[in-house]
Amino acid sequence: MRNKILRLVGGRLIAGVGVLWGAATLTFLVLYFTPGDQAQAIVGGENAAPTPEVIAQVTAEYGLDQPWYAQYLSHLGRILHGDLGTSYRLHTPVTQAIGEQAGATLELALAAAVVGLTLSTVVALATAKRRRWIRGIASGSELVIASTPSFWLGILLLTVFSFGLRLFPATGSHGLQSLVLPALALALPIAGVLGHVLREALEEVLDEPFIVSARTRGLADLTVRLRHALRHALVPLITMTGYWVGALLGGAVITETLFTRQGIGRLLLSAVNAKDLPVVLGVVLLSAGIYVLLNLVVDLLYLVIDPRLRDAPATARPAVGGAS
Amino acid sequence: MTKRTQMTTRTMTTRAAAAVLGAAMVLAGCGSGTGTVSAGGTTPRAGGTLILGENGQEPTCLDPHGNSSSDGPVITVPVSDSLVWFGADGTIQPWLADSWKVSPDGLTYTFTLHPGVKFHDGAVWNAEALKTNFEHMRDPATKSPLAAAYIAPYKDSKVIDENTLEVHLSSPYSPFLNILAQGYLGMISPKQIKEAPQSICEHPIGSGPFILDKWTKGQSVTYHKNPDYNWGPKGAKHTGPAYLDKLEIRFLTEDATRYNALASGEVNAIDFTPPQNVEDVKANPDLGFVSALRPGHPMSFWLNTSRAPFDDVKVRQALLASVDRSAIIKGISFGQYEVAQGFVTPSTPDYASGLEGKIAYDPAKAGRLLDEAGWTAKDADGIRTKDGKRLTAYFPIDPSFPAQRMQIAVQTQAAARKAGIDIQIQTPSTQEVSDRSLAGDYDLASGLWATNTADVLWIQYSSKNITTDKRRGQNVARLSDGKLDELLQTARETTDKAKQTDLYNQVQARLIELAPAIPFYNDPRPVSFQKKVHDLTLPPAYPSPYFYDTWLDE
Amino acid sequence: MTVVTPANPAPPVSARRLRFRPGIRPGVYLAALVLFLLVLATVAPHLFTGQDPLAVDSAQTLRPPSAEHLLGTDENGRDVFSRIVFGTRTSLLLGFGAIAIALAGGGLLGVAAGLGNRFVENLIMRFSDIGLAFPELLLALVVITVAGSGTSNALIAIGVANIPNYARVVRAQTLLIRRSSYVEAAHALGLSVPRVVLRHVLPNAVKPVLILATIGVGSALVAGSALSFLGLGTPPPEPEWGSMLSTARDFISRAWWYGLFPGVAITLTVISVTVVGRALRLRSEGRTW
Amino acid sequence: MTVLRVENLRVEFGGSPVVDGISFEVQRGECLALVGESGSGKSVTARTLVGLTGEGSRVGADELTFAGQDLTRLRERDWRGIRGGRIGFVLQDALVSLDPLRKVGKEIAEVLAAHTRLSGTERRDRVVELLAAVGVPEPELRARQLPHELSGGLRQRALIATAIAAEPELIIADEPTTALDVTIQAQVIGLLAGLKNQDRSLLIISHDLAVVARLADRVAVMKDGRIVEHGPTHRVLARPEHEYTRQLLAAIPAEHTKGTRLSGSTGSAGLAGSAGGSTPPVRRAAGDVVVRAEGIGKSFRGPDGKDRAAVQEVSFSLRAAETVGIVGESGSGKTTTARITLGLTEPDSGSVEVHGQGWAGLGSAARRALRRDIQVVYQDTLAAFDPRYTVAKVLGEALEVSGVPRKRRRERAVELLELVGLGVQHLERRPLQLSGGQRQRVAIARALAPEPAVIVCDEPVSALDVSVQAQVLDLLEDVQRETGVAYLFISHDLGVIYHACDRVLVMKDGRVVEEGTVEKVFRTPEHPYTQELIAAIPKLTAA
């Protein structure tokens with residue numbers, strides 16, 4: 001058991017390093033070969049007429065005159081030391097630039113995750129295998145929400161709840177009030193998808209014999225759902241981590257722009273526009289890191305949710321020996 | 001619309017001098033709440049916090065010398081004072097300098113500095129401090145996008161005594177003092193410049209009425225009052241410390257969001273009121289509105305005169321004649337903007353009002369001109385052709401531009417099409433736009449440039465300012481006209497005011513002949529605020545909210 | 001264990017046979033119809049509107065819906081309805097095109113991984129691991145910085161971003177079928193390996209993935225319009241739903257119609273694509289719909 | 001007195017009747033068995049009795065009373081008191097009937113919590129008692145384990161414990177032994193028999209007459225939702241009155257059925273008249289050796305990283321027109337042996353020769369050529385076919401490989417179909433459009449296409465209803481007589497083996513523990529394991 005976990009964690013971490021290295025390399029190559037004069041980009045940002053000395057200064061400072069492999073190696077080297085370089089555009093260390101923004105995005109992502117999960121779970125639990133019209137309404141609205149692009153949803157929410165009813169502030173990152181709308185805009189579409197997945201899973205599980213036998217023991221419906229069905233249905237849900245990270249981080253770009261919140265998303269967008277190599281690289285590494293981390297968490301979650309996986313022999317290889 | 005031009009746009013949009021009539025007119029026009037005692041009906045009271053909603057042009061560096069964003073001054077001026085103050089009547093008035101002498105040859109300026117000024121970090125304001133600032137502006141490490149270029153003629157300076165500095169220029173430069181009045185050349189603590197230059201971008205230390213607390217990137221900048229402040233400009237309404245205890249500037253990129261933030265009371269005032277909301281603001285009894293026309297070059301589409309098709313002046317004139325500018329501007333600004341009549345705005349010193357109406361909508365004329373230019377044939381989709389070549393012009397636009405810019409582009413495109421000119425709008429990334437601008441790979445480019453002197457025309461149209469691999473220049477039209485060059489050079493070097501005015505009149509006439517750009521509108525700086533906000537002013541050096549005199553009643 | 005079970009229709013079975021995705025069955029035909037209309041709109045937009053989506057009218061900006069302009073006009077006085085109709089082409093192209101790329105790339109890699117030896121498989125899977133670590137939009141943004149913005153680039157960007165997912169699914173599917181007893185039977189018959197792959201493995205591996213893809217089209221379409229929304233997609237004056245919304249938000253206080261209908265168009269499209277896709281899936285799983 | 005009375009019970013799913021007006025009653029302390037094949041409606045009946053008929057169903061009955069209580073009037077809340085409390089329910093295959101993610105003890109405690117006032121600790125003790133009562137060794141330990149950590153038998157016992165936990169008056173057991181190996185099956189039946197006593201009644205649902213014979217006082221035979229015959233067990237078994245019952249009884253392969261036809265039918269279409277009724281078949285003297293396996297061994301790397309021997313030192317030879325059976329329980333290595341024989345799995349040691357040609361070191365071309373001589377038929381009739389292929393394509397491919405020219409293929413395909421008792425009309429069908437039995441016939445046809453010397457049959461009838469199984473077994477026999485093909489016949493069902501095979505290998509834990517002619521092995525088993533197996537075979541004689 002313990003070894004298994006250790007082995008698992010170890011394996012994950014090794015794989016993780018690989019992923020991070022790949023991410024670093026890919027971004028570097030991609031952005032290195034992107035057309036455009038980086039020196040100009042650096043003083044460029046929003047800038048005007050830099051004198052030749054300025055350009056020379058910058059080129060030297062950022063080692064833009066060195067061959068690509070030198071730049072690549074120095075990048076990897078710096079990353080190893082946790083130094084992601086200095087932003088071309090902001091003239092500050094990338095770690096700092098990201099650090100300044102990470103909080104807001106994390107806050108938003110967490111809020112959205114919580115809202116999305118609870119919403120989808122509650123709805124799925126309440127409606128799975130219910131009367132046709134109930135399921136109809138539930139899955140119908142899920143479908144609509146899941147099909148609504150977050151940027152439009154955001155506009156609608158803004159127009160109705162902020163501009164119209166003035167229930168919530170439209171802007172910025174001050175306090176819970178201003179978190180409500182962005183979190184919803186980010187969470188709802190995800191909740192739609194998860195809700196669908198979860199209900200399908202639940203309905204599969206609720207058809208399983210062990211559910212029937214649980215019922216034959218005289219358990220109340222809710223008990224059956226909570227004690228027996230939910231746990232099984234969670235597996236497909238947490239399998240979708242990749243989708244999650246993507247949806248949240250990608251969504252952040254939109255939501256933060258739309259609600260003019262500070263955060264990684266907006267940082268990234270402006271960085272991409274200004275070809276701010278270090279920042280983009282930083283954000284990519286960050287998201288890759290989060291991805292790796294979450295995958296590890298998920299694998300451990302599997303062990304918690306499905307104890308069978310702890311001692312694989314019984315289930316893992318039914319084919320060993322004379323199975324049909 | 002290269003990044004550089006984009007910058008231009010913004011800078012211009014910011015730097016402007018509400019020259020006498022300009023400011024006067026506008027303020028009179030909608031003076032409600034501009035802080036004349038009559039409006040508030042009360043006398044100024046100290047205390048309170050003001051929250052201003054800015055647009056999205058957040059600088060990447062708060063060093064006045066280190067940025068060129070249109071939001072630069074509004075953010076840096078509270079912190080850093082300037083050497084001189086640009087008066088509403090166009091005169092230069094004392095601020096951190098009590099007086100100055102200019103040598104007859106215009107090459108030597110001797111400044112006598114205001115004594116007793118202290119920077120927020122305790123550093124003393126003196127000749128040495130001023131010298132340090134000039135050198136900081138010129139230092140490549142500052143990566144100064146603007147200040148450095150503005151004081152390009154600066155050679156060196158000599159400390160005469162504690163409070164006297166003698167500045168030497170390499171060539172006569174008549175706008176020198178005007179420029180020095182702009183926030184981009186505000187004064188920074190010499191201590192900080194010497195000991196922690198890299199900290200200036202994050203947290204500039206000046207001598208201004210407010211002390212910067214925190215810059216939360218992507219969100220806001222916060223300040224608190226500087227209690228020891230008693231060296232405000234003569235042009236201000238009061239002396240001593242500012243009235244406001246605290247000040248916050250929030251960046252609200254989305255137009256709709258910014259307006260609604262004001263309407264819902266999330267902020268006390270907003271800059272760059274979206275034209276589509278101005279009517280609502282004016283109609284709202286709880287809100288006040290103030291606007292000032294930025295002096296300098298109007299918002300225009302520059303035509304790349306260095307390559308076909310716009311290397312042919314007839315084609316350029318034809319394009320100008322084919323666009324109904326007043327209809328377009330009326331539409332996109334909901335009647336808020338006024339159509340530009342020439343190549344500087346009426347609020348610019350030496351504006352040639354005599355030339356108004358010279359640029360007119362005349363499709364027939366456009367057709368004639370194109371025929372004369374040899375673009376006689378038309379292809380299937382009605383685009384004119386010459387020896388089988390379509391009359392096509394490429395227009396790369398930075399996607400991050402305000403909606404109005406794209407609207408004008410699209411509507412111009414439609415108008416040009418009617419005349420048989422095919423304008424291809426492209427939206428590459430900011431970076432690519434910038435690169436193409438450097439390479440001169442464009443036919444149209446949009447932008448404006450606000451500065452409190454007609455020297456803007458030298459910046460925009462002198463062949464010295466065509467970008468080369470040596471240096472970036474602002475001559476986006478890549479116009480190279482011997483006669484014009486000569487006029488501009490003499491104008492910026494002469495110290496004779498009357499002669500200067502005459503020269504600039506000739507320049508403007510010449511430009512109308514050369515048609516290097518389509519001038520669209522004179523860009524205003526429209527600010528809206530709650531009625532409880534008083535004396536939120538737009539100083540003439542360039543109109544952008546100035547908080548020294550501002551106070552709130554309850 | 002050798003589980004020997006007489007096929008007996010215990011209630012769950014019959015129940016399962018009876019169960020269908022609620023809210024879909026009646027919708028399927030409607031969805032199919034909508035999809036058909038959308039396709040028609042891409043092929044022959046003129047059937048739906050006489051208006052020119054590019055016809056600018058500086059005097060008619062932001063007019064509310066009227067007999068002349070069913071869904072009002074935009075900030076340049078263009079007819080919103082016709083812009084939505086003509087925008088269909090771009091959006092559908094984005095959706096289907098991107099997924100096509102993802103399928104082609106992912107399919108190739110996936111099959112290679114599913115059939116190739118350990119080394120090949122590991123190599124490909126590690127790469128798709130790396131790929132998966134990039135959120136779709138982030139990868140898209142990166143691709144766009146290289147290739148510049150524009151419909152085709154957005155399309156490629158999203159396609160590429162999706163390759164890893166499909167590579168995984170296809171691989172899983174391939175492995176599954178490769179181990180199925182009918183493939184074994186084919187081997188037992190003495191069919192050559194390439195034959196078995198071409199005849200049995202590929203076709204059966206691809207089918208479910210294709211169905212999956214139908215659903216994927218929806219999200220790709222949204223991602224595409226998201227890019228346009230961020231100003232990185234289709235350049236003006238070409239009509240595109242995402243960029244319409246992006247402009248509309250500035251005028252939301254003056255022109256609700258402008259901010260409403262393009263969004264409706266997107267959502268409606270995604271819904272119908274998804275519904276049809278799910279229906280296909282349910283049927284392929286032998287469930288009624 | 002009557003515990004359960006059912007009068008004219010009708011159950012419909014989506015309008016189509018699944019149970020069509022059946023009536024029966026269960027007396028206190030007696031055991032009634034509902035017997036029938038797939039779709040007979042027996043399981044639906046069982047679940048209706050606890051109000052869990054399932055979604056989309058409509059239930060109607062003239063009378064449906066349990067201990068004098070009208071079940072038709074119950075609301076969901078009332079049902080809860082009955083289920084588990086007064087009616088215990090045992091489903092088949094405890095692996096899927098116990099929540100795989102919860103400890104066995106928890107599942108049992110659940111019932112106690114729902115129906116008794118026992119405290120937490122009392123419950124824990126009771127759980128252990130119950131497990132002990134159903135014969136689970138080390139009950140304390142087991143209670144803390146997860147279902148998959150228990151053997152099939154123990155799981156089934158635990159499941160039964162949940163059913164009896166609240167001491168219900170009636171226990172309903174739905175296919176309680178179906179998923180179990182024969183030895184375990186016997187034990188569980190014993191256990192159930194033990195449960196029957198004065199104040200507890202039993203209702204057994206099964207497809208296997210033999211199983212219930214030992215258990216039931218009375219049997220009700222169901223077919224298509226109706227009860228076709230109903231009476232005391234011994235009477236029904238001894239003197240079946242209804243035709244269907246007779247068929248069912250006749251269809252069960254066993255010692256006495258050897259050499260007779262199980263299905264009513266005469267020889268299948270292709271070989272009309274070749275064999276009929278119960279005329280003992282003329283067995284061709286076994287020809288020369290076609291397959292020889294020499295000391296083959298194979299081990300797999302388990303997930304724990306340890307190698308686990310699936311097959312060790314297995315040797316056998318198979319002659320033309322001969323059928324050799326391999327019998328054994330789960331994990332005894334049957335299937336691995338089969339795969340090695342087929343050349344689909346490389347043995348670690350030993351060798352397999354087909355026509356004197358070993359698989360080892362054969363080039364892929366030669367390998368493919370050799371494959372034609374040895375074909376396979378699987379248990380899962382659905383997975384055995386490419387879902388997209390029509391029967392015509394399936395056979396066409398097989399014929400193509402066997403080098404039959406394109407134009408002759410269709411005609412040959414029809415011949416093959418007729419050989420297995422199907423016809424032209426099946427050519428264009430897809431697997432899903434065929435019944436399990438038909439699919440297995442097609443599988444056999446496909447196997448015959450290359451005119452092989454050997455067909456490996458891996459549990460060929462295990463997934464089929466007994467009557468269908470009978471037809472397939474007959475068919476195999478006909479085909480062998482017709483073509484002289486040899487069978488390697490894998491099965492866990494001794495009855496089937498005895499019926500179908502000439503010689504048999506008994507496997508346990510990867511080794512062959514006994515081998516010889518079926519008569520010898522079954523009549524005079526030497527190895528204790530074999531003896532145990534034989535003893536466990538359910539006999540068709542009433543308890």
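A helix here is a DSSP run of H or I with at least four residues, and a strand is a run of E with at least two; both are numbered from the N terminus. The model shown in these views is predicted.

**A buried arginine in a loop of chain C.** Arg78(C) lies in the loop between helix H2 (25-43) and helix H3 (80-115) of chain C. Is Arg78(C) buried or exposed? Arg78(C) has 26 C-beta neighbours inside 10 Å, so it counts as buried; the cut-off for buried is 20 or more. Its partners, leaving out residues up to four places away in sequence, are Pro53(C), Leu54(C), Ala55(C), Val56(C), Thr73(C) and Arg83(C). Look at Pro53(C): 25 residues separate it from Arg78(C) in sequence, yet the two C-alpha atoms are 6.2 Å apart.

**Chain B as a whole.** Chain B contains 18 helices and 24 strands. Its radius of gyration is 23 Å, close to the 24 Å that the globule rule gives for 554 residues, so chain B is as compact as a globular protein of that length. The C-alpha trace of chain B spans about 75 × 55 × 40 Å along its principal axes. Of the 554 residues in chain B, 61% are buried. Now take contacts in chain B between residues at least 6 apart in sequence: 72% of them join residues at least 24 apart.

**An annotated stretch of chain B.** An unreviewed UniProt entry places "domain: Solute-binding protein family" at residues 91-459 of chain B. Over residues 91-459, the chain is 28% helix and 25% strand.

**Helix H9 of chain B, enclosed.** Helix H9 (residues 255-263) of chain B has nine buried residues out of nine, so it is largely enclosed by the rest of the structure. Among the buried residues of H9(B) are Asp255(B), Arg258(B), Tyr259(B) and Leu262(B). What do the buried residues of H9(B) pack against? One partner is helix H7 (150-164) of chain A. The others belong to chain B: strand E1 (49-54), strand E11 (269-270), helix H10 (275-283) and strand E22 (524-530). After H9(B) comes Gly265(B), with a positive phi near 80°.

**The nonpolar core and Leu488(D).** The largest nonpolar core holds 494 residues. Which residues have the most contacts inside it? They are Leu268(A), Ala140(C), Val454(D) and Leu488(D). Helix H8 (residues 177-206) of chain A gives the largest share of this core, 17 residues. Zoom in on Leu488(D): leaving out residues up to four places away in sequence, it touches Leu318(D), Val324(D), Ile326(D), Ala338(D), Thr341(D), Val454(D), Val456(D) and Cys457(D).

**Where two domains of chain D meet.** The domain assignment gives chain D a domain 1 (2-251) and a domain 2 (289-299 + 308-384 + 453-536). The centres of domain 1 and domain 2 of chain D, taken over C-alpha atoms, are 36 Å apart. Eleven residues of domain 1 are in contact with twelve residues of domain 2 in chain D. On the domain 1 side, helix H8 (182-195) and helix H11 (243-251) of chain D are the elements that give two or more residues. The largest share of that side, four residues, comes from H8(D). Sorted by class, the domain 1 side has four nonpolar, five polar and two charged residues.

Definitions and conventions:
Residues numbered from 1 in each chain as written. Chains lettered and ligands numbered in written order. Predicted model: local features only at pLDDT ≥ 70, side-chain atom pairs only at ≥ 80, totals over all residues. UniProt positions renumbered as here; feature names shortened; annotations may be inferred. Domains from an automatic or database assignment. Contact = placed C-beta atoms within 7 Å. Nonpolar A, V, L, I, M, F, W, Y, C, P; charged D, E, K, R; others polar. Core = buried A, V, L, I, M, F, W, Y, C linked by C-beta atoms within 7 Å. Buried ≥ 20, exposed ≤ 12 C-beta atoms within 10 Å, placed from the backbone. Rg over C-alpha atoms; globule rule 2.2 N^0.38 Å.
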